[in-house]
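Hi,

Here is the structure I promised to pass on. My notes on what turned up in it follow below.

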Amino acid sequence: MKRILFASSLAASLLITGCASSPTSTDRTQAVDTANTPRITAAVAVPAAAKRKVVLALTGPKAIIESKDWGEFKREWRETFAEHASDASVAYSFSDAAPSPTGEDGTILLADITDYRIVGIGARIFFGAMTGNAFIDAKVKFSSLRDGVAFGEQRYNTSSSAWGGIFAKMTPQQVDSIASNIFMDLGGAK
């Protein structure tokens with residue numbers, strides 16, 4: 001009897017998830033192909049010389065940086081930005097602390113993560129709508145690696161709808177969309 005109840009529950013969950021798997025979700029991020037990736041925010045004007053090197057650091061409130069999945073979240077940003085930098089032929093490094101100016105040309109990207117929720121691809125596939133929404137609320141400050149002068153800052157708010165089913169944009173796609181927008185500003189998007 002327990003097996004029948006379990007199988008019925010599983011079938012109902014899959015049915016609900018299947019019904020909710022329309023790719024026309026309420027995602028504010030779109031496809032990861034930069035040519036088709038819409039700009040999340042207006043461009044930041046970055047001088048040409050500062051577009052050759054990027055140093056990325058993540059920060060946030062104490063509760064955020066001490067959360068159990070902060071390491072996984074940072075890894076996602078570090079690896080995604082490394083891919084975009086490589087594709088754009090831009091020198092890249094990740095800093096665990098807020099970087100200081102070094103006197104060389106480049107851009108410091110200091111991402112202040114106000115809030116986030118990681119939803120991975122596996123969780124979305126196995127649990128569908130039950131996984132909840134993935135989101136990122138971040139403010140990225142662009143400044144000169146040479147002297148620390150601010151070029152500008154942008155707020156990036158991405159979210160997905162759990163009702164988008166397995167097609168909803170999870171955390172990796174949202175970080176990729178943010179990276180695509182930033183590398184568009186740097187003139188060497190992937």
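Tyr116 is buried, as its relative accessible area is 8% (buried means under 20%, exposed over 50% and partly exposed in between, using a 1.4 Å probe and protein chains only). Its ring pairs with that of Trp70: the centres are 6.0 Å apart and the planes stand at 50°, so the pair is tilted. For such pairs, centres of Phe, Tyr or Trp rings (the six-membered ring for Trp) must lie within 6.5 Å, with planes under 30 degrees apart called stacked, over 60 edge-to-face and the rest tilted. Trp70 is in helix H3 and Tyr116 in strand S3, so the pair ties together parts 46 residues apart in sequence. Helices (H or I, at least four residues) and strands (E, at least two) are DSSP runs, numbered from the N terminus. Trp70 is buried too, at 8% relative accessible area.

Before going further, please keep in mind that this is a predicted model: local features need pLDDT of at least 70, side-chain atom pairs count only at pLDDT 80 or more, and totals for chains, interfaces and linings use all residues. Residues are numbered from 1 along each chain as its sequence is written, and side-chain values use heavy atoms, leaving out hydrogens and water.

Back to the rings. The whole structure holds six aromatic pairs, and ring pairs link Trp70, Phe73, Trp77, Phe81, Tyr116 and Phe183 into a cluster. Another ring, that of Phe94, has the charged end of Arg78 sitting over it, 5.3 Å from the ring centre (the criterion is NZ of Lys or CZ of Arg within 6 Å of the centre and within 35 degrees of the ring normal).

Next, the strands. Five of the seven residues of S1 are buried, so S1 is largely enclosed by the rest of the structure. S1 runs parallel to S2 (residues 91-95), joined by five bridges, and parallel to S3, joined by six; strands pair if DSSP finds at least two bridges between them. Leu56 has Phe94 as its bridge partner in S2 and stands opposite Leu109 in S3.

What does Leu58 touch, leaving aside its neighbours within four places in sequence? Its contacts (heavy atoms within 4.5 Å) include Trp70, Phe73, Trp77, Phe94 and Ile113.

Finally, a look at the segment after H5, where Gly187 lies. Gly187 is exposed, with a relative accessible area of 62%.

Enjoy exploring!
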